[in-house]
Amino acid sequence: MGFLINLVLWFFFSSPTIRTNGDDEVINLPPCDYSTMYNFGDSNSDTGGIAAAFYPPASPSGETYYGRPVGRASDGRLIIDFIVGSSYQNGANFATGGATILRPNGSWFDSGLSPFNLEIQVEHFTQFKDRTAYLYGQAQDECTRKRLPRPENFSEALFTLDIGQNDVAVGIRSLSYELQQAVVPNILSQFITQVRGLYERGARTFWVHNTGPIGCLPVAIAKVKDPAPGYLDENGCVKSQNDIALQFNEELKDEIVKLRAELSDAAIVYVDMYAAKYELITNAKNQGFEDPFEICCGYHGIGYDVWCGNKGNVNGTEVYAGSCEDPSKIISWDGVHYTEAANHWIANRIVNGSMSDPSIPITSACHARANLSALGFF
């Protein structure tokens, strides 16, 4: 289990305010006293889990910030890195690249899907929680206890989840559009089951990302040739793929609303990651980026894929997929994942709560239920 526990950074918060019922009344709330943070997800938030389990990414991954590959699918930091900031405290990251909500069908070597799906990640958390509680109780001195999370810390922690993109992608690759639509409720049923499981294990504050515009990924655009009218949307993204992502997100939001009513002590914030990423893609040049479908590291097209850090053949010529000259101007690192610059932009866009339901910053996510109650939802 240890290879899945990636220590994460933490940060201090300023005091939030909440405006209620559209009136001018403002409720001042103290900052959430998050003692720890636990993350669950796929490569969008994997800081080294799948690399530790299998193979680490090759250069030039990590070149912008770390100067070497560090298990992240990017040239530098991910959204999760910017969310947690720069102050050290406690936490663990159970995310693994290629992870799904549903149990994977096939080997990681064949499909690229992680064997550590959300169910297994929650199980790893359960083992982590049980073992650290045992060690805390057995500790003979305060110095040892300070190195372990206190048993009550788990109810005071922030739980972040960013997973589902690979479930959508698997459907796009293997199912008809109608079957893709039909499987979404089953995916979300499994997701909600795991959130309930975390709640039963003491989790109370959840920050849940929906899935991004998968039809805007450059690796998808690169496979399009002579598209029929309506195949691409007005911004050049594959419309049917984005429609499935939007259905997933809409139904996820509905399920979260139901879950809030069911879990009486839970504070659950739904974060519209799709809107944040689509905003960046459609306004790339106004935000200091170049063509949103340009790939910094890798070559992709009809009949070929040369992934970042690898050699391959493109139209009869051997090529090496190295980094572009200036990743800070590019949104996509490798055709699927984002560059550090894009991740930083997105993180700044979501942490203030402008993309959240309820509209509340991550600094005050623990007050989400109180906010909804003040607005008359409970």
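Helices (H or I, at least four residues) and strands (E, at least two) are DSSP runs, numbered from the N terminus. The model is predicted: local features need pLDDT of at least 70, side-chain atom pairs count only at pLDDT 80 or more, and totals for chains, interfaces and linings use all residues. Residues are numbered from 1 along each chain as its sequence is written, and side-chain values use heavy atoms, with hydrogens and water left out.

**View 1. Histidine 209 in strand S8.** Strand S8 covers residues 205–209 and includes histidine 209. With a relative accessibility of 7%, histidine 209 counts as buried (buried is under 20% relative accessible area, exposed over 50%, partly exposed in between; 1.4 Å probe, protein chains only). Its side chain makes a polar contact of 2.9 Å with the side chain of aspartate 162, and the side chain of tryptophan 207 makes another with histidine 209, at 3.0 Å. A polar contact is a pair of N or O atoms within 3.5 Å; within protein, one must be able to donate a hydrogen and the other to accept it, and residues adjacent in sequence count only if both atoms are side-chain atoms. Leaving aside neighbours within four places in sequence, the residues in contact with histidine 209 include Ile83, Leu161, Leu252 and Ile350 (contact means heavy atoms within 4.5 Å).

**View 2. The salt bridge of aspartate 81 and arginine 72.** A salt bridge is a side-chain nitrogen of Lys or Arg within 4 Å of a carboxyl oxygen of Asp or Glu; the structure holds 11 of them. Here the N to O distance is 2.8 Å, and both aspartate 81 and arginine 72 are buried.

**View 3. A network of salt bridges around arginine 150.** Arg150, Glu152 and Glu156 are linked in this network. Between arginine 150 and glutamate 156 the closest N and O atoms are 3.8 Å apart. Arginine 150 is partly exposed at 31% relative accessibility, as is glutamate 156 at 32%.

**View 4. The salt bridge of lysine 223 and aspartate 305.** The closest N and O atoms of this pair are 2.9 Å apart. Lysine 223 is in the loop between helix H9 (218–221) and helix H10 (239–262), while aspartate 305 is in strand S11 (residues 304–307), 82 residues apart.

View 5. Strand S12 (residues 311–314) and strand S13 (residues 317–320) pair in the antiparallel sense over four bridges; strands pair if DSSP finds at least two bridges between them. Asparagine 313 stands opposite glutamate 318 in S13. Two residues lie between the strands, and asparagine 315 takes a positive phi near 55 degrees.
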